[in-house]
Amino acid sequence: MIKKFLEKFYVALIFIFLYAPIIVLMVFSFNDSKLRGQWAGFTLGWYTELIKDPIILQSLYNTLLVAIVSTIVSTIIGTLTAIGLNELRGFKKKIILDVNYLPVLNPDIVTAVGLMGLFGFFNLKFGFMTMTLSHIVFCIPYVILSILPKLQQMDKNMLEAALDLGATPFYAIKNVVIPQIMPAIFTGALMAFTLSIDDFVISYFTTGHGFNNLSITIYSMARKGINPSINAMSTLMFLSLLILLVVINKRSKGTVEALSEEI
């Protein structure tokens, strides 16, 4: 009993440590004061100010645009790469996996400077395109790593049976493989989306004049003092991602149950 109680106590402490800053941020988004750490009453004023602030709204639009485009592209490329990689064996597969791990383990600052130099070498105009390409590059490895375990759990006899019955490789992948790994694809897409929204270092080095995402805007504001409207924005983004996570988990569960019934 004591051991179980201590385990639950330690888990509760970990969750408190992780989420206490977010809870404080959410509470002070309703604070009728610009001073942090001083409660002056309840207000929705900062949410009103958020709607009226063109800089924050433009940054939010840029952030979501880059995140959506990079998520879609990286999920498609990562899914196809993971399917092909799963069919490899031996030394080739090990080499490609090791190469895929490099962007994950590599410090963001190294990746950012490398991408900045690459775009400069090709004389690309820094802005939306370079930032989006950068986000696609560092999201793809995470998508691959999210999908590969699910592919390894899949029954390979189903794919071989579909090919033996006359299905083309494209038809077999679309109607046999993809439905079975759909939960992993959603997980990889969600991870890519959150990584893109959260990124600062790579975005900072690969953006151009006049194109900023939220992380760069918040960093710029921090020099003069962060506007409390950022607390309101962070609260809305956290709740949106939480709702998205719940919906995807329910959808993934429904997909697994449907596949189990068909099998």
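## Terms and basis of the model

A residue is called buried when its relative accessible area is under 20%, exposed when over 50%, and partly exposed in between (1.4 Å probe, protein chains only). On that definition, the exposed residues I51 and K52 sit on the face of α2 turned away from its buried side. Helices (H or I, at least four residues) and strands (E, at least two) are DSSP runs, numbered from the N terminus.

The model is predicted, so local features need pLDDT of at least 70 and side-chain atom pairs count only at pLDDT 80 or more, while totals for chains, interfaces and linings use all residues. Residues are numbered from 1 along each chain as its sequence is written, and side-chain values use heavy atoms, with hydrogens and water left out. The predictor's confidence in each residue, pLDDT, runs from 0 to 100. The chain averages a pLDDT of 83, and 92% of the residues score at least 70.

## Overall architecture

The chain has 11 helices and 0 strands. Its C-alpha trace spans about 70 × 65 × 35 Å along the principal axes. Of the 263 residues in the chain, 36% are buried.

Contact here means heavy atoms within 4.5 Å. Among contacts between residues at least 6 apart in sequence, 73% join residues at least 24 apart.

## Nonpolar cores

A nonpolar core is a set of buried Ala, Val, Leu, Ile, Met, Phe, Trp, Tyr and Cys residues joined through side-chain atoms within 4.5 Å. The largest one in this chain holds 29 residues, of which I147, L148, L151, V177 and I181 touch the most other members. Helices α3 (54–87), α5 (108–121), α6 (128–153), α7 (156–164) and α8 each supply at least two residues of this core. The largest share, 9 residues, comes from α6. Apart from this core lies another, of 13 residues, with I56, F193, I230 and A232 among them. In soluble globular proteins, nonpolar side chains tend to be buried together.

Leaving aside neighbours within four places in sequence, I147 is in contact with G78, T79, A82, I181, A184 and I185.

In α2 (residues 45–52), the buried residues are W46, Y47 and L50. They fall within an arc of 100° seen down the axis, so they line one face of the helix; the arc is that of the directions from the helix axis to the C-beta atoms.

The expected span of a helix is 1.5 Å times one less than its number of residues. For α5, with 14 residues, that gives 20 Å, and the end C-alpha atoms are 20 Å apart, which agrees. T111, A112, L115 and F119 are buried in α5. They cover an arc of only 100° around the axis, which puts them on the same side of the helix. An α-helix has 3.6 residues a turn, so residues three or four places apart point the same way. The cover over the buried residues of α5 includes α6 and α9.

## From α5 into α6

N123 is in the loop between α5 and α6. With a relative accessible area of 69%, N123 is exposed. It has a positive phi of about 55° although it is not a glycine. Most residues other than glycine have a negative phi.

T130 is placed in helix α6 and is buried, with a relative accessible area of 0%. Not counting residues up to four places away in sequence, T130 touches F119, L124, K125 and T206.

D199 lies in the loop between α8 (169–198) and α9. With a relative accessible area of 6%, D199 is buried. Its side chain makes a polar contact of 2.7 Å with that of S203. A polar contact is a pair of N or O atoms within 3.5 Å; within protein, one must be able to donate a hydrogen and the other to accept it, and residues adjacent in sequence count only if both atoms are side-chain atoms. Not counting residues up to four places away in sequence, D199 touches H135, F138, N213 and S215.

T63 is in helix α3 and counts as buried at 2% relative accessibility. Leaving aside its neighbours within four places in sequence, T63 is in contact with I197, N213 and L214. T63 and S215 are 152 residues apart along the chain, and their C-alpha atoms are separated by 8.5 Å.
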